[in-house]
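Dear colleague,

Please find below the structure that I am handing over to you. After it, I set out what was found.

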Amino acid sequence: LPHNHPHIADFLSQLAACQYSNGNLEAAIGLEEQCAAIDRTHLPVRRRELSAALNNLGTYYSEKGRLHEAIETLEECLMAERSFLPQNHPAIGSTLWNLGNAYEEGKNVAKATELFQECLSIRENSLPATHSGVIAVLKA
């Protein structure tokens with residue numbers, strides 16, 4: 001397969017997830033960055049895969065304390081998702097949640113609260129009240 005084939009991106013994302021599970025955030029970041037780069041070359045076909053890669057990457061950056069990169073990446077993800085998903089889609093809620101966490105880590109509680117409230121609204125309108133995603137936001 002060519003080095004930028006979509007199947008390579010899928011493989012890289014799976015490897016990143018394994019590295020993340022093993023606590024190797026730097027390796028996970030590098031692999032997910034490669035995945036996102038490949039997905040970008042296959043837009044618009046790979047837009048869902050790119051948004052997943054960006055969400056993962058933003059979360060990894062946040063956990064590594066690279067908050068500026070996390071916020072930038074998650075905002076790009078959110079903008080992309082809003083361009084092709086229904087506005088109350090749970091994936092948008094998840095990105096809002098991750099973005100809110102990054103802002104909270106950066107001590108911007110007002111922005112984090114705004115994002116958590118928007119996430120809760122989406123989750124309450126798209127998921128059952130007993131769903132763990134709704135409960136998690138209520139506890140935040």
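Leaving aside its neighbours within four places in sequence, which residues is Gly58 in contact with? They are Ala70, Thr73 and Leu74, where contact means heavy atoms within 4.5 Å.

Before the details, a note on the source. This is a predicted model, in which local features need pLDDT of at least 70 and side-chain atom pairs count only at pLDDT 80 or more, while totals for chains, interfaces and linings use all residues. Residues are numbered from 1 along each chain as its sequence is written, and side-chain values use heavy atoms, with hydrogens and water left out.

Helix α3

Gly58 lies in helix α3; helices are DSSP runs of H or I with at least four residues, numbered from the N terminus. Gly58 is buried, with a relative accessible area of 0%; buried means under 20% relative accessible area, with a 1.4 Å probe and protein chains only. The C-alpha atoms of Gly58 and His89 are separated by 19 Å, and these residues are 31 apart along the chain.

The helix α3 covers residues 47–63, and its 17 residues should span 24 Å at 1.5 Å a residue, which agrees with the 24 Å between its end C-alpha atoms. The expected span is 1.5 Å times one less than the number of residues. Buried residues of α3 include Leu50, Leu54, Leu57 and Tyr61. What covers the buried residues of α3 includes α1 (6–21), α2 (25–40), α4 (67–84) and α5 (90–105). Just after α3, Gly65 takes a positive phi of about 85°.

Helix α5

The 16 residues of α5 reach 23 Å from the first C-alpha to the last, close to the expected 22 Å. Among the buried residues of α5 are Ile92, Leu96, Trp97, Leu99 and Tyr103. Their cover includes α3, α4, α6 (109–126) and α7 (132–139). Not counting residues up to four places away in sequence, Leu96 touches Leu78, Arg82, Leu115, Glu118, Cys119 and Ile122. Just after α5, Lys107 takes a positive phi of about 70°.

The nonpolar core

A nonpolar core is a set of buried Ala, Val, Leu, Ile, Met, Phe, Trp, Tyr and Cys residues joined through side-chain atoms within 4.5 Å. The largest one has 38 residues, and those with the most contacts inside it are Tyr60, Ile92, Leu96, Leu99 and Tyr103. The elements that give two or more residues to this core are α1, α2, α3, α4, α5, α6 and α7. Of these, α2 gives the most, with seven residues.

Yours sincerely

Definitions and conventions: Buried means under 20% relative accessible area, exposed over 50%, partly exposed in between (1.4 Å probe, protein chains only).
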